[in-house]
Amino acid sequence: QLQLVESGGGLVEPGGSLRLSCTASGFNLDYYGIGWFRQAPGKGREGVFSIGSRGGYTNYAESVKDRFTISRDNGKNTVYLQMNSLKPEDTGVYYCAAVQNPGASFYATWVRESEYDYWGQGTQVTVSS
C-alpha cells in the first residue's frame, strides 16, 4: 500500500518543541519533494515548509521562519519537521504530502494541492498552556 504516515504530534506548552516525522511506505521518497501543511480550526490548509528531493532546496512560510526546520533522510524514507518556539497559533492538524512534479520535487516550490501525489492522514499539534 502506497502511503505517507505522519507522527510526532501532541500537546505542548508555548515555547516548547516537537519533531514531526513523515514516513513513506510502498514507494521511494528519493524522487519526491515533500511539503508540510497545516490546517488550524476553522481555517484553510496552508503550506508550512517544503523540501526538494535531494534536500538542497527548501521553502517556508514567513510565520515559521527561524523557528521550524526541515530535513530528510532518504535512507529512512522519512522527512522531519523540527518545530521550536511553538506558539498557540501553530495549533492545527499537520499533513505531509509528496509531489513528483519536476519543478516542485527538486526545487521545493509550492504547487496546487491537487498536484501532490500522496497525502498523509495528518497529526494533531496543540500548543497551549
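The torsion about the S-S bond of Cys22 and Cys96 is about 75 degrees, so this disulfide is right-handed. A disulfide is taken here as a pair of cysteine sulfur atoms within 2.5 Å, and the sulfur atoms of Cys22 and Cys96 are 2.1 Å apart; by this rule the count comes to one disulfide. The pair links distant parts of the chain, since Cys22 belongs to strand 3 (residues 18–25) and Cys96 to strand 9 (residues 92–99), 74 residues apart. Strands (E, at least two residues) are DSSP runs, numbered from the N terminus.

This is a predicted model, in which local features need pLDDT of at least 70 and side-chain atom pairs count only at pLDDT 80 or more, while totals for chains, interfaces and linings use all residues. Residues are numbered from 1 along each chain as its sequence is written, and side-chain values use heavy atoms, with hydrogens and water left out.

| Residue | Relative accessible area | Class |
|---|---|---|
| Cys22 | 0% | buried |
| Cys96 | 0% | buried |
| Asn77 | 14% | buried |

Asn77 lies in the loop between strand 7 (68–73) and strand 8 (78–83). Leaving aside its neighbours within four places in sequence, Asn77 is in contact (heavy atoms within 4.5 Å) with Cys22, Thr23, Ala24, Phe27, Asn28 and Leu29. For Leu29, the backbone nitrogen lies 2.8 Å from a polar atom of the Asn77 side chain.

Note on methods: Helix = DSSP H or I, 4+ residues; strand = E, 2+ residues; numbered from the N terminus. Buried < 20%, exposed > 50% of the residue type's maximum accessible area, 1.4 Å probe, protein only. Polar contact = N/O pair within 3.5 Å; in protein donor to acceptor, adjacent residues only side chain to side chain.
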